[in-house]
Amino acid sequence: MTTPRYLDVHVLQTVPFANLNRDDLGSPKSLVYGGVTRTRVSSQCWKRAVRLEVERAISDPAVRTRRVPAEVADRLLARGWSQEAAAAAGAQIAADAGKSGLKLDKGLTSVLLYLPTAALDALADLADAHREAIEATVGKKGAKGVLPSDQVAALLSERNGVINLFGRMLAELPGAGVDGVVQVAHAFTTHEVAPEIDFFTAVDDCLPEDAVGSGHMNSAEFSAGVFYRYASVDLAGLRDNLGGDGQMASDLTGEFLRAFVSSLPTGKQTSSAANTLPDLVHIAVRSDRPVSFAAAFEAPVRPENGLAVPSRRQLSHYAERLERLWGTSGVVRHGYASIEDKPLTGLGEAYDSFGELINDSVAATRSPA
């Protein structure tokens, strides 16, 4: 019996003139790989786009914030609390959170907390249940805490689907840490890229009639290319995070795959509209270990009537050689969907659509094959 342990997803995506992820100077992020410079999109950047897409799909958002006390106070104001009482409630939550090991500065936590939005509502509910006691502390210096610290800590430790997928590092709050089960690689172009400089001007519509010239001028950097993207899901770890709930693990795996395939970072999109879809998606359910195909592009792809076709061919060729070298005993199921007309070897069964590929891959994660 071969037990599914990991799911790998590989994507080739052509992105036109864009700057999805820029560095501190405004240039597209880059790396040197195989002796040439490539455009790069950081894992943090694309992972945020994926996370937000998963949140929308499951209708259960999470927030990263240092302003938990202020967020709770805002909710209480909306419920009819006075400004003073709402602020006192926020101060109570800040004090109780501090008892758990979180350091606080003027009501802000020293680290970003990552928790479900619903937990903020639950903290407001907790304050509501102790409203009379909280209102009695208004205007009193050194007022003792009236909220149960264990309940505050429990709500700050709440988790939802995206937290179970992507994890949470929170050493300051015992028991709140969650091991992430998703690994996301930095996306990079399969070929060498030289960024383009775009000089632009803006017209001042209110200039006097005799005035000439633009109201503003500047330059920005963009690039274009075929990106290789890769992520892996620890299937066993996800089930552990969910307390053994296999159905929820399958549902989250499917939503992650759909989000990873369809999402795009938003950097400079209003000025570039680089809203492309992937050219190829390959998914492998494995029993041995995660396997990236990044090494397929260590030798940069050379143009042959474009770069997308040779990139797909190079990925296929590498996968076939690696399969021969490593063997297939660790592969539970693998397949691909692509706009390529010709069959691609080494990538498993060919599918007509991304949806069919995702559904069959998720089904293969549910039980031993």
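In this predicted model, a search of the whole structure identifies seven aromatic pairs. A pair of aromatic rings is described by the distance of the centres and the angle of the planes. For F166 and F256, the ring centres lie 6.2 Å apart and the planes stand at 65°; because angles over 60 degrees count as edge-to-face, this pair is edge-to-face. The two residues connect distant parts of the chain, with F166 in helix α7 (residues 161–166) and F256 in helix α9, 90 residues apart. Both F166 and F256 are buried.

The rings of F293 and Y318 have centres 6.0 Å apart and planes at 70°, so that this pair is also edge-to-face. Here F293 belongs to the loop between β12 (280–286) and α10 (308–326), whereas Y318 lies in helix α10, 25 residues apart. F293 and Y318 are both buried.

Contact is made by V50, E53, V54, A57 and I58 of α1 with L252, E255, F256, A259, F260 and S262 of α9. Of these contact residues, eight are nonpolar, one is polar and two are charged.

K144 is located in the loop between α5 (131–135) and α6 (149–156). Its relative accessibility is 72%, and K144 therefore counts as exposed. Apart from neighbours within four places in sequence, K144 is in contact with Q92 and T137. The C-alpha atoms of K144 and D128, 16 residues apart along the chain, are separated by 17 Å.

Technical notes
Residues are numbered from 1 along each chain as its sequence is written. This is a predicted model: local features need pLDDT of at least 70, side-chain atom pairs count only at pLDDT 80 or more; totals for chains, interfaces and linings use all residues. Side-chain values use heavy atoms; hydrogens and water are left out. Helices (H or I, at least four residues) and strands (E, at least two) are DSSP runs, numbered from the N terminus. Buried means under 20% relative accessible area, exposed over 50%, partly exposed in between (1.4 Å probe, protein chains only). Contact means heavy atoms within 4.5 Å. Ala, Val, Leu, Ile, Met, Phe, Trp, Tyr, Cys and Pro count as nonpolar, Asp, Glu, Lys and Arg as charged, and the others, Gly among them, as polar. Rings of Phe, Tyr and Trp (its six-membered ring) pair if their centres lie within 6.5 Å; planes under 30 degrees apart count as stacked, over 60 as edge-to-face and the rest as tilted.
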